[in-house]
Amino acid sequence: MGVLKLALEEGGPQNLELFWGEGWRDLRIELNDQRVGSVEDPLQLEHGVEFTLPDGNVLHVQLVHVVVTELRVMLNGVPLPDSASDPIPQARSATYMLYGMAAFTTASTMVLFVVANDPAEQLPVTLANVLFGGFLAVLGFFMFKRSRVAPLVAILLFAVDTLTTTFAKMTTPEGLGLSDMSRLVVRVFIFSVLVKGFLGARELARREKQGPATVPPAVGPVAASPATSPSLGGRTGTG
């Protein structure tokens, strides 16, 4: 069984709990240990379901298939903190990805240089890769500052590198092997993280431009059980 605990506001208690079975079946939502609603069919969950909470706030839950399957949870149209569509962890993940790529590129380049039979011949390639690793670190720094340009530049560089590398490999007599396909899958995952980082940085910039957002207040204890309170009825799905 899968479990997801979320807070309804930044820094608040994680009193919203979502439980689901195999294949995202039988999703159950609880708030303060009180049942809010349920969705039995994952196909219905893919279309999105909404539940009205006791204070009138609307909880939206949707199953989204991107590179990985995500459960998006929003309150009044705003992603909940640390949920799949929250822009803050999206930007943070892209930052870590860029720093990680910079460290891996630099470290692997230095190892290859040390074990090379002819270091002098390997030196130009080593310097180029070290500079590229440093450039990725700079992009990571600006991504940390929530720059929208940094992830966009990284996406373009990574896309061009992936396309040229894949095309060059496909034109060889050997073609794409299993190891090449595995690396391509990893590249797709990295690409998805960078794209989400760009979208997250753009959303954060939009929020800053609009000024302090109105954060929905924390929901208090549920006053009645789902069976007797019409306010807990889902607009779509089982309330």
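Strand E7 (residues 69-75) and strand E8 pair in the antiparallel sense over two bridges, where pairing requires that DSSP find at least two bridges between two strands. Within this pair, Met74 stands opposite Pro79 in E8. Helices (H or I, at least four residues) and strands (E, at least two) are DSSP runs, numbered from the N terminus. The structure is a predicted model, in which local features need pLDDT of at least 70, side-chain atom pairs count only at pLDDT 80 or more, and totals for chains, interfaces and linings use all residues. Residues are numbered from 1 along each chain as its sequence is written, and side-chain values use heavy atoms, with hydrogens and water left out.

E7 and E8 belong to an open sheet of four strands in the order E5-E6-E7-E8, with antiparallel pairing. Strand E5 (49-52) and strand E8 (78-79) are at its edges and have a single partner strand each, so one side of each lacks a neighbour in the sheet.

Strand E3 (residues 27-31) pairs with E4 in the antiparallel sense over five bridges, and Arg28 has Ser38 of E4 as its bridge partner.

Turning to the helices, H2 (residues 87-115) has 29 residues. Its buried residues (under 20% relative accessible area, 1.4 Å probe, protein chains only; exposed is over 50%, partly exposed in between) include Pro87, Leu98 and Thr109. The buried residues of H2 pack against helix H3 (119-144), helix H4 (149-170) and helix H5 (178-210), contact being heavy atoms within 4.5 Å.

Definitions and conventions. The expected span of a helix is 1.5 Å times one less than its number of residues.
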